[in-house]
Structures are given as C-alpha cells and as structure tokens.
Amino acid sequence: MKKLCILLFLVTVLVNSEQISAQTATINVTGKVVDKSGEPLVGATIIVLGTNTGTVADRNGFFTVKNVSANAEFKISFLGYQSKTIPINGKTIFSIFLDEDYQTIEEIVVVGYGTQKKTDITGSVGQVNMKDLVIAPVATFDQALAGRVAGVNVTSNDGQPGSLNNIVIRGGNSLTQSVAPLYVVDGFLIEELSSAAINPQDIASINVLKDASATAIYGARGANGVVVIETKKGIVSKPIITYNVSLGLQQVSKTMDLMTPYEFVKYQNDLNPALANSLYLSNYGLTVEDYKDATAYNWQDMFFRTAPIQKHDISIRGGNADTKYSVSGSLFNQDGIIINSDYKKYSGRISLDQNIGKKTKVGFIVNIAETETSGAPIAAGSTGAVTGYALYQVWNFRPAAVANIPEDWANEFFDPTATSGNWMVNPIQNTNNEVNTSQYTDVNVSTYLSYLIFKDLILKISGDIYSRTTQNVFFHNSMTALGSPLNPNNTKGVWGGITNWKSGTWLNENTLTYNKNLDKKNTITIVGGFTIQENKSSAFGLVADLIPNEELGLSSLGSGTPYSNSSSESYNRTASFLGRVNYSYDSKYLITVTGRADGSSKFPASNKWGYFPSVGLGWRLSQESFMANIKDISNLKIRASYGITGNNRVSDFGYLPVITLNNVSGYSFDNAIPTQGATYSSIGNPALVWESTKQTDIGIDLGLFNNRVSLTADIYRKNTYDLLLNAPLPKTTGFSYAMKNIGEIQNQGLELTLNLVPVKTKNFTWNSDFNISFISNKIIGLERGQTNMLSSVTWDWNYTSPLYIARLNGPAAMFYGYIWDGNYQYADFNEISTGKYVLKGNVPTNGLAKATIQPGTIKYKDLNGDGVVNSLDLAVIGRPLPIHTGGWSNNFSYKNISLNVFLQWSYGNDIFNANRVLLGGNALNRVNTNQFVETNNRWTPENQNNEVFRAGGQGPIGNYDSRTIEDGSYLRIKTVNFEYRFPSKLISKFKLTNLALNISAENLFTFTKYTGMDPEVSTRNSVLTPGFDFSAYPRAKTILFGVTVSF
Amino acid sequence: MKTKNIFFCFLFLISFTSCNDFLDTKPTNILAPTNYYNTENQMNSAIAGVYDVLGNSELYAYGLMVRFASVGDEGFYRSSTVTQGAQFYNETASDGDVLTLWTQLYTGISRANVVLANINKANMDSTKRNVMKGEALFLRAFYYFWLVNNWGDVPLITELPKNVVDNDIARTPANEVFEKITQDMITAESLVPPITQIGYGGRISKSAVRGILARVYLRWAGYPWNNVAKYQDASDWAKKVIDDTQANHALNPSYSQVFVNLAQDKYDIKESIWECEFSHTGISADEMGQIGSWIGITTNDPGIGTAYGFINALPSLYNSYASGDLRRDRAIADFHYLSNLTVVTYWNRYDYDKYSQSVGKWRRSEETALPKINQSTPINFPILRYSDVLLMYAEAQNELNSSPPQSAIDAVNLVRERAWSTGINTITLTTGGSGYTSAPVVVFSGGGGSGAVATATINNGQVITVTLTPDQITGLTMGSGYSTDPTITFTGGGGSGAEAVCTIHSKQEADILMMSKEEFRLFLQSERSRELCFEGLRKYDLMRWQILVPTLKQMANDIITTGPSMYQYAALSFSNVQEKHYLLPIPSSELALNKKLVQNPGY
C-alpha cells in the first residue's frame, strides 16, 4: 500500500508539469573579482542567474563563463562580502569589486524542507558560526557547540573520550522522555544522531530551529527543537585539495589534593585506633610522627597521563556547472587522560550532485564512520557500591604502605589489608585490566532527485538509509575487582560478555515547492509534501561466567557457563503530510503558516495521528518609509510566532501490555533447570497520546551601522502538556509503573545574541559574537493529587533517598535534603562525668540515637522544631539549573595572523559534589581509605570548628545534606586558536592556495569556586536529576599544533 | 483547475487510509497477553511466575528471616552500623524493605490473578488445569496471608486492573481477607494432588495446603482478631495431615538431617512438606537464594561458601535447650570460622561468645552443588515441616480444651523425642592414673550404642580431664543408640591406671508430663522456638499470643543488664518495640497513590 501511495503522488506531480520557454543567443564573458584593496577574491562564485551555469574565481581572481545569454545577469558572491548582481548587457569583460559585509544579511538559511533568506524568516533560528566552531580541537561537532547559540544548552556528563553530549534547546520539555532535539542532516531526519558519524570539517552549516514557526514543519518530532546540519558539497571549481593535520597533547586540568601518609595515618588513628595500631602503629612500635617521611603512593599520578591526540582531515572538492563532487576523509585518534581509555574515529564521505538535462538534478551522499571507544566508563560504577567507581577507588586508596609490608606494592593487585567488609584492590591494576570496548559503524546513504516541473514548481524526491551497528564487549579477568576470585562478592568468577545492536532507518520524502513572485510586491512560497519513515532496532548478546581459562580473553567466553542470553528487536513507523506557506508583501510584512500531520505507529489506533500547526508573523520596520531617514538602523524586524509541536519519544509498543519470559521470574521445580516465568512486565495504556508543546515566541532583529552591530533578542514561553510519564501505580495493581499522559511543564526564557565589529581597520579587525540565555522551568501539573515528584540517583546503595524534588509550581529539579548546620559543639552537651557528654534536652538530634551524638558530630537544622531531625525536616537545598549560560567568541586578525578566543560560562547553578560526601569527611565511615585534604580540617577537641565533622561523626548514613552543595558557576576560556597564514604571493610559487599554521587550545582555564575537578559535570544527567558529580571523568586541557594546506 | 483540486483531495484521502495500514505495526519481540496463555507450556510458565515470588528477596530468599520474622526473641541483627529498618522496629512508612515486601506480595497476587483469568483459555489437559487452578488459588491466598499477617486490613484484589487511571482501592477488613484466604485454600485442597503423587516438596500438595490452613486458622484465632472458634479449624486441618495414611508423614529420625537435606537438595516429603526451592549456578543463577549466607555461619572462605550471617542467635534461646536436646547445636552454630581461613574454632560458651553465635541451621559447608557461589546458595527453605503441624495441633487442642488432651502431649513428645540424644550425657574421671607421656585414647564399649568420641588431657603423667570431642555437624560427639551406660577404657599414652565412668541421655528425658492448660501454653511458646527457630515464624507467633512487646522488652532488659558491652547495641531492636509494631506501616508511596488507603495507627 505504501508503494501505491507514493506512486499516486508522483503521477499527480507529473500531470501538473508544463514546458518552459526556449533560450536566446550566447557570448563568452571574462572578469576579475577583487576586494576594495585590490586583493583577488580567490574562490568567489559566479552564477548566471536563471541557469545552472557558473564558475569560481581562480587564484588571481579571474574567471571565465562561456555561452551565456547576452542579456543575462550574473551574481558574484563570496563569504563575508556583499553579493552583487550585474547585468551582462552584451559586455564581455568585467572588473568587479565586492564590499565587505559585517553581517551577511542576505544570508540563506536552511530551514525545514527548504531555504529562506534570513531577512524573510519569521521564526527563531539560531546559527552556528562554523568558522569558529571547526577550530576547536574536538572529535565531534557537539563537543564544541556549548555556548555557540543562545537557547541551546550543551552539556556533557563528563569528559570521557567519546562520551555523549546532551543538547537541550530552550529547556527540557519532557520530564522523563528524551529531550534531545531532532537532527536533520542534509534533509534526513534522525532522532538518535551519532555525532561521531559526521566529521566537523565536513559541516557547512548548523542551524538551530527553536520556535514553533520553525519547528512545526517537523510536527511530532519538533517539540525539542531541530538541529539542521548541511554538509559541504561539491563546488564549481577545479579540484581543491585541502589537508589538515593537528597533533597535540592533553592533560588533566586539576587533580584533587589528598592526605599525605602522615595525615592519613593520623586520621586512621582518630577513626579506628585498634585498626590503625594493627596496620600502622603500635603493633610495629611506630607512632604517627614516623609517617612524616613515609613514601607517599600518589595513585592519581599513576591514573592520569599526558595523552597524545591527533587528527587528520583531507578533502577534495570541485566540479563544473553540471557535476559537483566532494570527497573527504578523516582520522581522529585520542588517548584518554586516564589510563586504558581511548577513542578512535575514522570517517569517509562522498557526495555527488549531477544535472541531467535542464530540469533534473540527482545526487547522493555516502557517509561511513567507524568509531571505537575503549576503557570502562569512569563515571558509571561497576557495582552498586561506591567502591565500584574507578576515580573513587583512586582517591580512596591508602597512600601509605602498611608497616609490615615494607616492599613496594604499587604493582600488586590485591591489597593485603583488605578485610571482608572493606575489600580493595589496586585501582591502577584494576583499571588497566578491565576490557570494555564499543565499536560503532555508521553508514548513511542519502539520495535525491529534483525535477523542475515548470518554472516555479520543483518536485523533490529523496530516499535515505542510515544504519548503525554497535558491538560492546567486556571481560572481567581475575586481575579486576569484578572478576577476581578474591572478591567475596564475586559470584561469577571470571566473566565477560558481548552485545551487538543494530539500528536502522529508512526515509522517503516527496515535496513540491512552488515559489512565485506574484508581482513586484507579493511573493509566495508553498511547500507541500508526504514522507514515510521506518526505524528498526535489534540486539543480541550473551554473558558467560565462571570461565575456567582466562588467558584467551574474550575468546574464552565459550568455555564459560552461559549466564544470560539476550535478544530483542523492534520497529516503528511514521507517515506524515506537511505543508508551509510563506507570504511576503514588499519584504515588509511576512507571514509563515505551517502544518504537519504525523501518523506514528507508537500510539494506539485511536491516537495514531497528531496535527501540529503554527503561524509566524514578521514586520520589517526598517523597510518602512518612516524609517528611511534613520540611517544608523540598517535592519529592524519584529517577529512573533505561535504553534504546537509534539514529542513522540516513547518506546515502540509502549501502549501495549507486554509479557516477558525469563529465568528471573521463573521457578526451579524438583531441582531442575528453572521453568521460565511468563509475567506481565508492563500493563500498557491504550489511551496513550503524544506529548504536545505550545510555544509562543516574540523576537526582534536589529542591525545598526550597516550591520556592524547586530542584535537578536527572543522571549518565549512553551507549555508542554500530556507529558509522557512513566507514572507510578499503586503496587496493589501488581505493577509499579505505567506510561501515562500526565502533567504539564512550562519553560520560558530570554535569549540575546549580539554580533559586533568593534574595530575595523585596513589591517586589523576585531569581531565579537556574544550570546546569553536565561531559562527557567516550572511544573504546572503532575499526577492527580501529586504535589511533588521525588527523584533519586543511583551511585551507592546506602544512598537511596531522593536527592531531587520537582514541586508543583516550582522548577523541574531542585536539590532536596537536610540543611547542614555545622557540628555539635561542647556547648550543646552536659558533661555528666569526665569526658562523657550527653546532648542537652533542648538540642535536637540529627536522627541518630542521642547516645551516639558526641561533640563534633554533624548537625542538621531541625526545621519543624520537634527536637529530632527526620524526613519532616527535608528542604530544598540548592538549584541545579543555571540562571544564565552563554558564550563569547572574539576573532582578532592582523594581516596574516588571527586569534580566536572563545569564552563560555554558566551562572547560578549548584552542583551536588558527591565526591566530598565520601572523601571530604567520610560519610560512610570507611576505614583504611584516604580522604581529600578537606578532612584534615575535621572537628577535633583542638579544632572545634563547624566545617568537617569529627572522625566517625558522620551522622545517619544515607542522608543528603547541603554541606556538599557547591556553587557550580564557571567562566571558561574554552577555545583559543592562533593562526598564521602564509602570504599568498609566497605560497603560490609552490602552487598552494593556502598554507596556515595554528596552535589551538581547549579548556585552557576555568574560573570557578567549585572545588571538584570540573564544574561542567552532570554524571546522572536528566531533566529531573541535573548537576550531580560523582567520579566524573575530568575534562582534558588540550593543546594542538596544526597545519592546513590547500592546493 | 477545479478537477485538479478534486484529484489532489482524492489522492490525499487514499494516501491517508493506506498510511494507516502502514502504521499498524505488530510487535515482533514482545509477547502480547492476547496471544498468550493458549498452551499448557505457556500456562506452566505463567504458574512458575506465581511460584517465583516465594523466592523473592523479602520473602524466603532472606527477607523474612533477616528483616521481618527472626528478630523475635531468637536472634538479633549482627551489624552494629545498620540501625534502621524493620529488624530494629523503627521502620517508617517510607522504609524500603517494607515497600518491597508489600510490592512482591501484590506482584504474586497479580500473577496468580492472571493465571486464574486465563485458566480456562488454555488448551490443556483438564486434570492439569485443575491442579494449576488449585496452585494459583492457594498461592494467591498464601500471599494474602502474608499481607494480613503483616498489615491487617489490606486491599483485596482478585482481578487484573481494568486501566491505569482508576486504582484507588480501600482496605478490606482482615476478617474478610481471612475468609477469602481460607475459602480459596479449601478449594485448592480439593484440586491439588497428594504429596506422594508429586514426590518432592517444591509444589503445592494436599498436605501443604492442609498444614498451611492450620497455620492460617491459628493466626486468625490469635491476637488481634482473637477469633477463637478457628482453633477447631486449625486442629482439624493439622489432624488431616497427621492422619493421612497415604502420605504417612513422619519426622526424620535426625533433626540435623532435615537441614542437611535442604542444603543438598534432597527431598524428604515425610517431614519437609513444603519447601521454597532455590536453584544453582549458570542459567539458573537467577533463582538462587541467600539461605545459608545471609542467615548462616559467617565466613569469607569461598571453599565453604562465603556467608555474611546477618543474624546472631540470642543467649536466651541457647539457654532454653536442655543438655540432651540435639537441636541446640544444630540451630546455633557451636563453632565459628576464623577470618579468611577454613579453621573451625569451637566457642568457649562464655557469655561473650553466646552473642557471637551464628544461626547454624543452614550450613554452606554441607552444600554439594559446585562451584559454590559467593553469597548465593541453592539451599531450599522449609516453609512447612511436619513438626510444625504436630505443634500446631497440640496448641489448638490445648486452646480448645480445659487442659491439654493426651493427643496434644503425645504430639509434643513426638517432636521432642526425635530431637533427643541417646548418647553420652556426663563423663566422670574417677582415677587419673600415672605415667602418661601423651594423651591416651578414650574407648567407649558396650551400652548398645556407638559414635561417642572423647578426648583426654594429661598433666604430670595424670589424666586430668575427659571431654566429648566437638563435631561440626552434630555438635558434641555424644554418640547415639545407647540404652545402658557404656564402659570407658584408656589405651596408649604410655601410662596406666586412669579410670572413668559415664552416664547417658535417654529419649524419656525429653517427654513432658501432664500439665495445666496455661503451663502447656507457656511450654509450647518456648518449644516452638526450640524446634522452629529462624524459620520465619517467631515474630508472628509472638504476635498472635499478644506477647511481642513484653517479650522483646524483656530481651532488651536482659542485654542491657547482663550482655557484654560490645553487644549492647543488640538491645536496640528490642527496646524500640511498641504496640504499633503488631502491624507494619502501609508504605507511604502507596498512601500517595491510592487515596482510599488509611495508615495503620502509630505511623
């Protein structure tokens, strides 16, 4: 049936085709393109209007166009210069000057299903300055995207090579579903984009569609915003080869200060004198003082390394008027700054555009990328306890040798002091022996055919496929904590596993675009289309345990005992009708009306179709006659839009009840292999519908002094309702959760983008791009009767209470816990006999039994004054969301030298520093483990402070309190790039068109009060649980030296 | 133009309808309820899911023993750093374990409801269908019994939820829940096969249903419902088990062997009527339990099988056994493992040690399935043993009569005699002899028995003591089968002249004589603990006798006044107990989601 509907559609389109008119006599034209100082503009494009003919200026600025109509017009354009349209009028030789343009006002912006002049856009579209972005020494574009566009918040959970970045446009719409934007790469809609599959050097432009006027054309997938990426295609030119190589080094920006052996032993002696004596002191006739000269084991030094990084990019682009091609390849190889964590990426891309006759154009893009990450994720624990986290292991491992083991045991695996309750292995050995490798292969093929049906009507048919295969292997040999037979909790012996995933998408889109200047003043563009898409995914894997011979590593899986086999497959489909009308009156009054009907297989029959309309209005005041006298204002536009978009990110069959068959819910009768249990794993919900977002946006675009100053400001409010929530059910139903449409969240904000050219002289230019976004969110509705939603994060099994609260009419996430009130002091106690202190009657307890509270024990605020701190005293203790975030990019150029400095910041957000919970006071009271130097300042009778509680004074285990909430604001010198371009006169002798040397640095310096390694962190990131820091892979400071060569 | 427009509209409509076919996807890797429950195999998987809940964390895998039931007056939670939870009688309405227990029980009920809703849909043999219906009815009732046992009035749900929105359901009074439990169990009793037909203790048999019915009625007759008429039902159902000539239930001659069998996956359907089954490694690893590790003898040794041993026995339990009672050294480990080593050390029986003793019923050293898995075991848990049936019968009979009838006393004596020693009781050294350079071998001869092993120690050429040698399985090697005092001779050791005499235990020592109703009641209260300690019953026994609070307060007082300083923390559990602890709190998250629920008093 689907084939039939496509066919019918095409037939209709062809029926409507008409002939276009014949042509006139032709001449040959030559010319030279220069700037005001007479320098040739190499690579300026010359297009004969109304035809497919064109060329580019050569290295001396010359061009030749053959066989053009004597009365045609041609258009000369060059990036950064104002384009010119010149009538030929029979002339054959031209000398053309182009004026520099501070802000390319005539810029064409790629929007959904078409392009628009920037001046004609009624919606809110953010553009990434690709020139600035590509100089950042990173593997994928999203790593450099933070701070580039107002309203686009990019955070990475941590700095592990290959770790994913979270891109959130205008705040999280959804509480529990994906808030990732839709990606449209060369017109291909991809919900789960692998950014690694696209080489940043291949990207021509990134536009971010933010408001409903811009995103409603993507209907049910538009609510989270849309990132439109266009890659570089072939150009009309002789082949231009560019090779780019960068080599550099990375280092950890900051390590934590830990206790010295002396401080460590002193602390152990405070904490547990019996153990300290048996391991370090009196049993060997030693005193604490003896450890002042002891050798310190600096595990951080062994864990972190200075790691090389290299990248190579090569491309060949060229073509003629009928054929344009682009071939590019890249290699990226990064050793992580933590041992045994590496990242490799190879990608290749070919694109071809071919004209067939006058009316037909076809093209394709093939992109293949191979990515490999190795090393266990540092921020993900291997067990339910803190001891399963690599960085925590490194910090907490004791810095001093035990008295009776004088030899150097840094190379030993098993810690001889380990006891059953405190089982430890050498973290360096453990990390080095872990095998955890993921390999990704991304293949993407996009094809299109466009056909000019008649003068103003174009049919475009595209077909795309995308497939990603992922293989993850892991192996815990006997030299790892998880596989060691010495681990009392290891039930699996040596074990390992392998999982393969495959996901694929195909998409067919058919659009008709009608573009007509009705008369001098009225212009209309109509786009209509029909698309179908299918996403498929499958996975299979196995885990084997009790492997007898580990020498063969992964190959020995077969000799183990099968532990679990898994397989799954699923798919979903979407069919859509879309349409948009842009109408412009005299380029003054603009209106855009958009609509999309999306049908999705993810919803039950009654709710399969969703309808998403929007309208946008624009008024260009600067075109009005009453503004004509105000010369300083070069551009002024007011925009307003309103629309509804959707979010369909639910599981493929989430509305259906599901039966699962497995061993876990089975039962072993008569000692036999268990009969597998068949149980409902989900109850389904036949009433499930889309999440919908209503968004209003009001914006202004202002250009001053010939656009030397330009400002864009937008305010918006978006309400997302029918939130798809995996809502808790009463357990009496037999089910814990069901997917329901519940509640409403509001995001609102203000975005400012300012582009300036503060200095502009013949030799020196300073360009400055600044943006800032203010975002706040609010829960408007929750499950009936629910006034708040609590969320917890998983890191250590002692900490199961919620750390986050989302209150009705409050933000979606606030830190929630006890208010830290320093320590109990002597004044809080009655001394009943010498050295025996009992808490005074009027002093509230911290939740522990009175007898266990001693001077120096941690104290919390008793908010309700009932004399005991318990769950009734929980309060909001911090705000994880920033007040504003932004970026500031500055380009300085002097003759052949240019310098780019990019600053990025986040202000007003708190971070819960969970590392300090355990290492800045020792809340789990773990003996024989090291601490941050902060613990040296613990309460003692000699040091009666209100900072760190005394050794062993941690209070009730599992409490979250405000002691470790820290200001996470930061200002970061994110990217600095210094480039020297050799003069063209010099290099042209070697037939080069460009030769440049550059030094770039990433994460050069960070201004922050945050005491952790890096304030840009969120190791349990979600809309409900942002700003949590535990054992995060720190972001590297990188310096690269690069050479770019073009010929 | 006009025709063209019509054509477009037409096209649009065609595409629209065909697109709906395109969008009508069918799941390929999930099983939908509409396509399931059609075959016997599918139904077997469905009922396995109902059984599965028995072995869940808060039920028989460990939770009942470690958190909810054993911290009566039998044991205490060994870890001094954990201070919060049901085992400390300070659980709040947001306690995680309380919620998990509630959730798991209702999960079991929901799974049983699914089986019952589809039982007539499947194409299967009608006998098997009836058995499965009986199993589902019984297990659902059993899960409700645990709910009512812990929470009193609970929502009584016998169908799958109709939708995901409207699930506010009020608590049904406990009496009605009991009514439903007993009705369903009685129906089940007529449907499930006799235990001899099944041949192992892992499935629901007529004997299991009858025995559990006795337990249910006894609970119903006790506090706080005090429905004393139900003692008759309890007695009747227990009697049915006792009088079942086909099943011919009997006690295993060795109390120890009952638990060795469980550790070794050997069934003994005469005594061990219903067991929660746990499986072993590999693909069965998900079905392992923590019996023997979380409640067991603490050790790090993977050769023995690592065990946390979260519960230590209380000295009061230890002291309640008479010297001929072999159950003491099985229930309470009389030895411990030195840390990290397989070395076995016997307790000195100082008061200090009495607080350090692990629960010894389930011993990982007896597991035969290899390799041994850390902290997870294949040891089955005895949900219902024949000795429990005998004691329940005795108790019900005592309550129904003005004084205990002989049948009640006989039942108790059956239980006690089985547990009694026929080995050496005392050894008295009469002459030390002389000239011994090494300890002579102690030889027992005559008396009709065997197995007694004793060790002599010497000093200055004289034998100064003769003591029974400890043994890991049976405790002291007093031997067995002696009907008269054996003769002791000393051989070897280079000396001569040492002489000793001994006395023996006899089964008759175990017997109780006629006593008053009240005396018998009190005796049974402690006898049940001696026989059934750590089997998940004690707290609920104390509750139905309405002595939970005073008993535990007394326990706290004992620890505070006589316990060693390092075990003072053990008093925490017992001193926290209050009247409200006769019921657990309704989980707070449930109160938030089900507006018709009302919290139990005091929480």
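**Helix packing in chain B**

Modeller: Start with helix 5 (residues 96-118) of chain B and helix 6 (residues 126-151) of chain B: they pack at an angle of about 155°, and their axes are 9 Å apart. Angles over 145 degrees count as roughly antiparallel, so helix 5 of chain B is roughly antiparallel to helix 6 of chain B. The crossing of helix 5 of chain B past helix 6 of chain B is left-handed. On the helix 5 side, the contact residues are Val98(B), Leu101(B), Trp102(B), Leu105(B), Tyr106(B), Gly108(B), Ile109(B), Ala112(B), Asn113(B), Val115(B) and Leu116(B). Helix 6 of chain B answers with residues including Met132(B), Ala136(B), Leu137(B), Tyr143(B), Tyr144(B), Trp146(B), Leu147(B) and Trp151(B). Lys133(B), Arg140(B) and Asn150(B) of helix 6 also take part. By class, the contact of helix 5 with helix 6 of chain B has 17 nonpolar, three polar and two charged residues.

The axes of helix 9 of chain B and helix 10 (residues 230-242) of chain B come within 8 Å and cross at roughly 160°. That angle makes helix 9 of chain B roughly antiparallel to helix 10 of chain B. Their crossing is left-handed. Helix 9 of chain B brings Ser207(B), Arg210(B), Gly211(B), Leu213(B), Ala214(B), Tyr217(B), Leu218(B), Trp220(B) and Ala221(B) to this contact. From helix 10 of chain B come Lys230(B), Tyr231(B), Asp233(B), Ala234(B), Trp237(B), Ala238(B), Lys240(B) and Val241(B). The residues of this contact divide into eleven nonpolar, two polar and four charged.

Look also at the link between these two helices. Pro224(B) lies in the loop between helix 9 and helix 10 of chain B. The peptide bond from Tyr223(B) to Pro224(B) is cis, with omega near 0°.

Helix 9 has another partner. Helix 9 (residues 206-221) of chain B packs with helix 15 (residues 386-400) of chain B at an angle of about 40°, with the axes 10 Å apart. Helix 9 of chain B is therefore oblique to helix 15 of chain B. The crossing of helix 9 of chain B past helix 15 of chain B is left-handed. Gly211(B), Ala214(B), Arg215(B) and Leu218(B) of helix 9 meet Asp388(B), Val389(B), Met392(B), Glu395(B) and Ala396(B) of helix 15. This contact of helix 9 with helix 15 of chain B has five nonpolar, one polar and three charged residues. Gly211(B), Ala214(B) and Leu218(B) touch helix 15, and they are also among the contact residues facing helix 10.

Now the partner chain. In this predicted model, 79 residues of chain B are in contact with 77 residues of chain A. Chain B and chain A bury about 7,000 Å² between them, 64% of it on carbon and sulfur atoms. On the chain B side, Phe22(B), Leu23(B) and Val164(B) lose the most area to chain A, together 11% of what that side buries. The count of salt bridges between chain B and chain A is zero.

One backbone detail in chain A is also worth a look. Arg170(A) has a positive phi of about 55°, although it is not a glycine. Arg170(A) sits in the loop between strand 12 (165-169) and strand 13 (182-185) of chain A.

Methods. Residues are numbered from 1 along each chain as its sequence is written. Chains are lettered from A and ligands numbered from 1 in the order in which they are written. This is a predicted model: local features need pLDDT of at least 70, side-chain atom pairs count only at pLDDT 80 or more; totals for chains, interfaces and linings use all residues. Side-chain values use heavy atoms; hydrogens and water are left out. Axes are lines fitted to C-alpha atoms, for helices over the stretch in contact, and angles run from 0 to 180 degrees between N-to-C directions. Helices (H or I, at least four residues) and strands (E, at least two) are DSSP runs, numbered from the N terminus. Angles under 35 degrees count as roughly parallel, over 145 as roughly antiparallel, 65 to 115 as roughly perpendicular and the rest as oblique. A crossing is left-handed if the near helix is turned anticlockwise from the far one by less than a right angle, and right-handed if clockwise. Contact means heavy atoms within 4.5 Å. Ala, Val, Leu, Ile, Met, Phe, Trp, Tyr, Cys and Pro count as nonpolar, Asp, Glu, Lys and Arg as charged, and the others, Gly among them, as polar. Buried area is the accessible area (1.4 Å probe) that two parts lose on being put together, summed over both. A salt bridge is a side-chain nitrogen of Lys or Arg within 4 Å of a carboxyl oxygen of Asp or Glu.
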